[in-house]
Amino acid sequence: MMKKLLWAMAGAIVLGAVVAGVIFAGLFEKSVVGKDIDQPLTADQIKTLAKRGAYVAVAADCYACHTAKGGAPWAGGLPFETPFGTIYSTNISPDKDGGIGGWTRAEFHRAVRDGVGKHGHLYPAMPYASYRKMTPEDVDAVYAYLMTREPMKVANRQNELGFPFNIRQSLTFWNLVNLSSHVTLEEPARSADWNRGRYLTDALAHCGECHTPRNVVQGMRQNAYLQGSEFEGAHAPDITKDGLTRMGFGPSVLAAFMKSGISAQGAMTGQMFEVVHFSTQYMTPGDLNALSAYLFDLDDVSKGQAPAPSPPVEVAPELVASARPTYLALCSGCHGIDGQGIPHVVVPLATNASLRLTSARNLVRAIADGIPAQRFPGLQRMQPMPSFADQLDDRQLADLVNWMRETWGDQGSKVSKEEIKQMRAQ
């Protein structure tokens with residue numbers, strides 16, 4: 001998912017622009033692409049591999065970024081705004097002019113796993129730092145699948161990036177610092193489910209790209225793996241075993257949540273709604289269970305236990321007096337007096353994961369900005385939530401958020417009105 005990595009792109013460009021010897025550094029680029037893929041695939045191989053490639057491309061969530069809203073499938077053109085200008089996703093249909101129809105098997109492998117395309121370096125907004133852990137067989141399958149799509153004669157849009165952010169070669173340095181040469185994910189001592197889940201998490205689904213915080217050059221901080229990150233004004237939560245447990249998820253509930261996008265813990269919104277819409281709803285039950293097994297560090301997902309309720313936090317009477325009337329006036333009509341919600345229509349608050357996060361950012365955004373109506377896989381849907389930004393001042397919003405987090409999220413940490421003001425400005 002390209003837009004999840006805009007800050008990675010910005011940091012990479014800045015780093016490359018200030019370091020001398022760009023061309024010389026290219027001699028040290030790290031590649032995991034072997035010479036065995038220089039041989040082209042036959043027509044029969046492409047036909048056979050394409051069937052598997054359709055599923056791999058879904059698990060890797062390729063369509064979401066490479067199809068503009070209302071645009072031709074796989075033709076790119078989706079804009080991503082950055083502080084340094086706009087970049088556009090590229091055409092990956094088999095068109096020979098604008099797309100990848102003229103790309104060889106080896107060129108595709110190098111783009112996906114090394115971040116170097118036929119015409120130069122890719123921006124790490126394309127998550128090749130994770131995709132480089134894909135097996136050559138899966139990369140072949142995606143290549144075969146894309147080559148069997150209908151060619152879309154759509155020209156790639158030029159990125160609107162000024163100097164020095166338009167110097168692709170500067171990505172050499174980012175790759176040198178942030179691309180690992182260790183791409184084997186198999187742990188022989190662990191179960192097949194655990195290993196499959198690790199592969200899905202770290203390679204195909206590239207979960208760490210959003211849920212792992214970034215270092216000074218915007219590479220993923222492996223010492224804080226999956227422990228949550230801030231991007232685009234939102235909080236990508238901690239999805240380690242401890243983080244998921246704190247949010248109220250058990251292994252089986254998480255697997256179901258990734259399939260449906262909605263549960264007692266809330267509903268997917270923002271970019272995660274797109275992940276469910278384009279990717280995880282189509283994953284097999286086995287893969288979703290494997291993903292959950294890995295995240296909960298289980299060799300057998302069926303042995304996982306639902307988390308015990310957290311001890312309640314004592315809510316100060318003055319906070320109750322300030323915030324509860326606001327909740328009753330603005331929220332209870334949909335979410336219920338006791339936060340029970342309306343099944344299949346309005347998510348509950350009493351068990352909502354967003355109230356249990358270490359950061360209050362997502363809850364603040366939901367209340368201030370609202371949430372659009374959403375339809376989930378099957379018959380599930382969620383009615384729109386209006387914005388209350390104009391009805392609450394910073395103190396009222398802070399009190400409401402703190403009261404909800406303490407009442408139903410068991411979170412003793414408070415957000416101040418000054419922090420609310422900063423979040424609104426962002």
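**Notes on helix packing, cysteines and a buried helix**

1. The crossing of α17 and α18 is right-handed, a term used when the near helix is turned clockwise from the far one by less than a right angle, anticlockwise being left-handed. On the α17 side the contact is made by Leu-363, Val-364, Ile-367 and Ala-368, and on the α18 side by Leu-397, Leu-400, Val-401, Met-404 and Arg-405, where contact means heavy atoms within 4.5 Å. By class, these residues divide into eight nonpolar, no polar and one charged; Ala, Val, Leu, Ile, Met, Phe, Trp, Tyr, Cys and Pro count as nonpolar, Asp, Glu, Lys and Arg as charged, and the others, Gly among them, as polar.

2. The model is predicted, and local features need pLDDT of at least 70, side-chain atom pairs count only at pLDDT 80 or more, and totals for chains, interfaces and linings use all residues. Residues are numbered from 1 along each chain as its sequence is written, and side-chain values use heavy atoms, with hydrogens and water left out.

3. As to geometry, helix α17 (residues 361-369) and helix α18 (residues 394-408) have axes 11 Å apart and pack at an angle of about 125°. Axes are lines fitted to C-alpha atoms, for helices over the stretch in contact, and angles run from 0 to 180 degrees between N-to-C directions. The two helices α17 and α18 are therefore oblique to each other, given that angles under 35 degrees count as roughly parallel, over 145 as roughly antiparallel, 65 to 115 as roughly perpendicular and the rest as oblique. Helices are DSSP runs (H or I, at least four residues), numbered from the N terminus.

4. A second pair, helix α5 (residues 105-114) and helix α7 (residues 136-147), crosses at roughly 115°, with axes that come within 10 Å, and this crossing too is right-handed. The contact involves Arg-105, Phe-108, His-109, Val-112 and Arg-113 of α5, together with Pro-136, Val-139, Asp-140, Val-142, Tyr-143 and Leu-146 of α7. The residues of this contact divide into seven nonpolar, one polar and three charged.

5. How many disulfides does the structure hold? There are zero, a disulfide being a pair of cysteine sulfur atoms within 2.5 Å. For Cys-331 the nearest cysteine sulfur, that of Cys-334, is 8.9 Å away, which is too far for a bond. Cys-331 counts as buried at 11% relative accessibility, whereas Cys-334 is partly exposed, with a relative accessible area of 35%; buried means under 20% relative accessible area, exposed over 50%, and partly exposed in between (1.4 Å probe, protein chains only).

6. Eight of the 11 residues of α14 are buried, so this helix is largely enclosed by the rest of the structure. The buried residues are Asp-287, Leu-288, Ala-290, Leu-291, Ser-292, Ala-293, Tyr-294 and Leu-295, and what covers them includes α3 (43-59), α9 (192-204), α11 (241-246) and α12 (251-260). Just after α14, Asp-297 takes a positive phi of about 55°.

7. Within helix α14 (residues 285-295) lies Ser-292, which is buried at 1% relative accessibility. Leaving aside neighbours within four places in sequence, Ser-292 is in contact with Pro-251, Ser-252, Leu-254, Ala-255 and Val-301. Ser-302, by comparison, is placed in the loop between α14 and α15 (317-330) and is exposed, with a relative accessible area of 59%. Although 50 residues apart in sequence, Ser-302 and Ser-252 are 7.4 Å apart in space, C-alpha to C-alpha.
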